[in-house]
Amino acid sequence: MRKNYIYYFILFILISVTLSGSEESPKIGLVLSGGGAKGLAHIGVLKVLEEYDIIPDYITGTSMGSIIGALYSLGYSAAKMEKVILAQDWDELLFDYIPLNRIALEEKFDEGRYAGSFSIEGFKINLPKGLVTSQNISQLLSYVTICAHQVDDFSNLPIPFFCIGTDIET
């Protein structure tokens, strides 16, 4: 069933190219949605597009789709992204587990006792900046995007990239 959708997509692209009438090939934009871990399925879509030599001219995404889209627009192939994803210990990445031998004796009693925590500044409770606030994920993303740390305009990447974001506080 899933292969049928891929064939329809490719057929749509081919018909669009045929009907365009101009000698210039049409621009292809790839939009990737969110979905947390389900968003990793975008890597499979990119693999199929690569098999048919379909390279998007623009990429945009939200949530996990923006992460996958950003990596692809930086030059990561679908196979390279899959390798990075499969090499991770996701429990360690998502939960920032700290071994008990690295926790001060005074703090061991409270470790793991509470489901969550919020920081307080003055008389204001600070909400987390995202659904997952893991330092480990931040480090992984910094590592895999190190080649773009000097980029200040996503439209200047090898494949121009656009994404959607929101501030949960405002």
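Trp-90, Leu-94 and Phe-95 make up a nonpolar patch on the surface, and together they have about 300 Å² of accessible area. Keep in mind that this is a predicted model.

**The surface patch**

- Leu-94, one of the patch residues, sits in helix α5, which runs over residues 90-95.
- Leu-94 has a relative accessible area of 35%, so it counts as partly exposed.

- The buried ones include Met-64, Ile-68, Tyr-72 and Leu-74, along with Gly-65 and Gly-69.
- What do these buried residues pack against? Their partners are the strands β1 (29-32), β2 (58-62) and β5 (161-164), plus the helices α2 (42-51), α4 (78-86) and α7 (135-144).
- Just past the end of α3 comes Gly-75, with a positive phi of about 120 degrees.

- You'll find Leu-40 in the loop between β1 and α2.
- Its relative accessible area is 22%, so Leu-40 is partly exposed.
- Setting aside neighbours within four places in sequence, Leu-40 is in contact with Met-64, Ile-68 and Ile-85. Met-64 and Ile-68 are both buried residues of α3.
- Leu-40 and Ile-67 are 27 residues apart along the chain, and their C-alpha atoms are separated by 9.4 Å.

**The nonpolar core**

- The largest nonpolar core holds 27 residues, and Leu-46, Ile-59, Ile-68, Tyr-76 and Met-81 have the most contacts inside it.
- Which elements each supply at least two residues of this core? They are β1, α2, α3, α4 and α7.
- Helix α3 gives the most, with six residues.
- As a general point, nonpolar side chains in soluble globular proteins tend to be buried together.

**One pair of rings**

- Searching the whole structure turns up one aromatic pair.
- The pair is Phe-154 and Phe-161: their ring centres are 5.5 Å apart and their planes meet at 50 degrees, so the pair is tilted.

Terms used:
Residues numbered from 1 in each chain as written. Predicted model: local features only at pLDDT ≥ 70, side-chain atom pairs only at ≥ 80, totals over all residues. Heavy atoms only, no water. Patch = residues over 30% accessible without salt bridge, like charges linked within 9 Å, V, L, I, M, F, W, Y side chains within 5 Å. Areas by Shrake-Rupley, 256 points an atom, 1.4 Å probe, with all protein chains shown as cover. Salt bridge = Lys/Arg side-chain N within 4 Å of Asp/Glu carboxyl O. Helix = DSSP H or I, 4+ residues; strand = E, 2+ residues; numbered from the N terminus. Buried < 20%, exposed > 50% of the residue type's maximum accessible area, 1.4 Å probe, protein only. Contact = heavy atoms within 4.5 Å. Core = buried A, V, L, I, M, F, W, Y, C linked by side-chain atoms within 4.5 Å. Phe/Tyr/Trp six-rings, centres within 6.5 Å; stacked < 30°, edge-to-face > 60°.
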